[in-house]
Amino acid sequence: MSVSAEQFRDVMGRFASGVTVVTTASGTGYAGFTASSFSSVSLDPPLVLVCLGRDAACHDAFVGGTCFAVNILAANQADLSVRFSSEVGDRFEGVPQETWVTGAPILGGVLAAIDCRLHAVHDGGDHSILVGRVERLGPVAADAEPLLYYRGAYQTLG
């Protein structure tokens, strides 16, 4: 029995996930993309992973880089998710940001952020799996609700 891409997408879309914007700093500037394929990997050492499509314009900046930050979006930040998943000019223009340990951008108003050094890159079919060693993390907007993605649409708790 074979599984079609449409069947796979439909079933996987029934798994609610948080929404993140993953950012990096490279010699050519900042890059970023929207991702819901994010997970913790290990407590000791603290590792997380995120998956990035090989055809993404920013793929080389991440795979060839040294760091990335995972910005966990709050319920009121669907616009940031759309911005970082669309072909727009400078995705960072007008977006408040700061940097922590690695130099990867931490976006303003996010629910939480995880600043990582690139630990490993693995083959994941049509994606690259980026594993990051956590250097710093913390809530930014601790009282906000998370932005969720379910069955192809943004959702919130409640």
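A residue counts as buried when its relative accessible area is under 20%. In this predicted model, Phe92 has a relative accessible area of 8% and is therefore buried. Tyr30, at 39% relative accessibility, counts as partly exposed.

There are four aromatic pairs. One of them joins Tyr30 and Phe92 in a tilted arrangement, with 5.3 Å from centre to centre and 55° between the planes. Tyr30 belongs to strand E3, whereas Phe92 lies in the loop between H3 and strand E7 (97-99), so the pair ties together parts that are 62 residues apart in sequence. Tyr30 and Phe92 also form one aromatic cluster with Phe84.

## Other ring contacts

Tyr149 and Tyr154 make an edge-to-face pair, with 5.6 Å between centres and 65° between the planes. Tyr149 is partly exposed, with a relative accessible area of 32%; Tyr154 is likewise partly exposed, at 32% relative accessibility.

A charged group also meets a ring: the charged end of Arg136 sits over the ring of Trp100, 4.1 Å from the ring centre.

## The three-stranded sheet

An open sheet is formed by three strands in the order E1-E11-E12, with antiparallel pairing. E1 and strand E12 (153-155) stand at the edges with a single partner strand each, so one side of each has no neighbour in the sheet. Strands of a sheet pair through backbone hydrogen bonds.

The antiparallel pairing of E1 with E11 runs over two bridges. Ser17 has Tyr149 as its bridge partner in E11.

## The largest pocket

The largest pocket holds about 1,400 Å³ of space. Its lining comprises 40 residues, of which Thr34, Ala35, Ser36, Ser37 and His127 are the closest to the pocket centre. By class, the lining has 20 nonpolar, 14 polar and six charged residues.

Helix H1 (5-12), strand E3 (29-35), strand E5 (46-53), helix H3 (78-85) and strand E11 (148-150) each supply at least two lining residues. E3 gives the most, with six residues.

## The second largest pocket

About 150 Å³ of space lies in the second largest pocket. Its lining residues include Phe15, Ser17, Ser36, Ser37, Leu49, Cys51 and Ile72. Strand E1 (17-18), strand E4 (38-43) and E5 are the elements that give two or more residues to this lining. The residues of the lining divide into five nonpolar and six polar, with no charged residue.

Notes:
Residues numbered from 1 in each chain as written. Predicted model: local features only at pLDDT ≥ 70, side-chain atom pairs only at ≥ 80, totals over all residues. Heavy atoms only, no water. 1 Å grid on protein atoms, 1.4 Å probe; cavity = no way out; pocket = protein on both sides within 12 Å on 5 of 7 lines; lining within 4 Å. Points joined across faces, edges and corners; volume = space filled by probe spheres on them. Helix = DSSP H or I, 4+ residues; strand = E, 2+ residues; numbered from the N terminus. Nonpolar A, V, L, I, M, F, W, Y, C, P; charged D, E, K, R; others polar. Pairing = 2+ DSSP bridges. Phe/Tyr/Trp six-rings, centres within 6.5 Å; stacked < 30°, edge-to-face > 60°. Buried < 20%, exposed > 50% of the residue type's maximum accessible area, 1.4 Å probe, protein only. Lys NZ or Arg CZ within 6 Å of the ring centre and 35° of its normal.
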